[in-house]
Amino acid sequence: MAVSQFSCGGAMQSLHYKSQSELIGFGSRMSFNSRLLLARTLSLNPRTHRSRCRRSVLVTNVIKDPTVEQETTLSSCTPDAVSIASSIKYHAEFTPSFSPKHFELPKAYFATAQSVRDALIVNWNATNEYYEKLNVKQAYYLSMEFPQGRALLNAVGNLELVGAYAEALSKLGHKLETVAHQEPDAALGNGGLGRLASCFLDSLATLNYPAWGYGLRYKYGLFKQRITKEGQEETAEDWLEMGNPWEIVRNDVSYHVKFYGNVATGSDGKRHWIGGEDIVAVAYDVPIPGCKTKTTINLRLWSTKALSQDFDLYSFNSGEHTKAFEALANAEKICYVLYPGDDSLEGKTLRLK
């Protein structure tokens, strides 16, 4: 029977992680501009029962008091092939995007990616909780592009679970490489600087820096190139057509963004922004795992939508469907394409937005 959580294999050794310090250049808001010394060195603790998995992080504030040490314990567990296979079967059954009858490659990819995402979320939540306890300053990397490439093999490799996932998928009738080939490239950019931005996030996670990336969730990317007899053809990317198993929509993290309008003074003497175009920016989070570390940071991508009240029901019922969807189209088109053509005034305005 499928289970929804990973479990520790009985033969697995428990590892005790202790941090010893290398200077990381960020200050602590917690006290007196002191610097934190953070580190990670790995040591085995033979006295720890093998069914317990624990990671301890040692934090030393050397400016305030070099002798004071604070220890935080975070749960960690390395799954084996049996528990991974159970997790994949669980997602294939209970978080379906496909027909339940067959376990074919597209379904195998989504179920496998969601299984990996479970492991990333555990580390991700622990990382965020750890940084919150330290109250450290964080770096924020803003970029118009974050072309990450395919995430499955990268995540499994960073978690050091390639062998376990290959064995689990073999039990389920598939090869890891074949399943991974089902993943489309994330159409979040097309240039070298954008790829560099993604590499920066990978490096920040690997080096255990507290950091976030911020970008836009492009629905159609830049373009998909096809070579035909007539030459090169450019068509819209379809990377989101079947969904993205790595992203987590944050419906509770949204902001109203206003365009145009004017500022008026109300009867209370306060100024208010009235009129214009009002859209909603919604957050989509993507976990970014470090290599051979539990640290998992966040890439937050913003998508846009219109308010429900902006749907013109009267026009729709009158047969003016285009007019009814005008607000929706104006909001969503901001995140349609990476670099919209700017030969026209409309294109220039869209780029500015």
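What follows goes through cores, cavities, salt bridges and one surface patch.

First, the conventions. This is a predicted model, in which local features need pLDDT of at least 70 and side-chain atom pairs count only at pLDDT 80 or more, while totals for chains, interfaces and linings use all residues. Residues are numbered from 1 along each chain as its sequence is written, and side-chain values use heavy atoms, with hydrogens and water left out.

I start with the interior. Nonpolar side chains tend to be buried together in soluble globular proteins. A nonpolar core here is a set of buried Ala, Val, Leu, Ile, Met, Phe, Trp, Tyr and Cys residues joined through side-chain atoms within 4.5 Å. Buried means under 20% relative accessible area, exposed means over 50%, and partly exposed is in between, with a 1.4 Å probe and protein chains only. The largest such core has 42 residues, and those with the most contacts inside it are Tyr 109, Val 116, Leu 152, Tyr 165, Trp 246 and Leu 299. Among the elements that give it two or more residues are α1 (81-94), α2 (105-134), β14 (277-289) and β15 (296-306). Helices (H or I, at least four residues) and strands (E, at least two) are DSSP runs, numbered from the N terminus. The largest share of this core, eight residues, comes from α2. There is also a second, separate core of seven residues, including Ala 306, Ala 331, Ile 334 and Leu 350.

A cavity is a set of points on a 1 Å grid, over the protein atoms alone, where a 1.4 Å probe fits but cannot get out; lining residues have an atom within 4 Å of a point. Grid points are joined across faces, edges and corners, and the volume is the space filled by probe spheres set on them. Searching the whole structure gives three cavities of 30 Å³ or more.

Now the charges. I count a salt bridge when a side-chain nitrogen of Lys or Arg is within 4 Å of a carboxyl oxygen of Asp or Glu. That rule gives nine salt bridges. In one of them, Glu 247 pairs with Arg 217, with the closest N and O atoms 2.9 Å apart. Glu 247 is in the loop between β10 (231-235) and β11 (248-259) and Arg 217 in the loop between β8 (211-216) and β9 (224-228), so this pair ties together parts 30 residues apart in sequence. Are these two buried or exposed? Glu 247 is buried, at 12% relative accessible area, and Arg 217 also counts as buried, at 15%.

Arg 300 forms a salt bridge with Asp 285, the closest N and O atoms being 2.7 Å apart. This pair links strand β15, which holds Arg 300, to strand β14, which holds Asp 285, 15 residues apart. Arg 300 is buried at 11%, and Asp 285 is buried at 2%. Arg 250 joins Asp 285 and Arg 300 in a network of salt bridges.

Last, the surface. Phe 311, Leu 313, Phe 316 and Phe 325 make a nonpolar surface patch of about 330 Å². Patches are made of residues with over 30% relative accessible area and no salt bridge, joining like charges within 9 Å and nonpolar side chains (Val, Leu, Ile, Met, Phe, Trp, Tyr) within 5 Å. Accessible areas come from the Shrake-Rupley method with a 1.4 Å probe, and for residues only the protein chains shown count as cover. Phe 325 sits in the loop between α8 (321-324) and α9 (326-332) and counts as partly exposed, at 35% relative accessibility.

Key: On a 1 Å grid over the protein atoms alone, a cavity is a set of points where a 1.4 Å probe fits but cannot get out, and a pocket is an open set with protein on both sides within 12 Å along at least five of seven lines; lining residues have an atom within 4 Å of a point.
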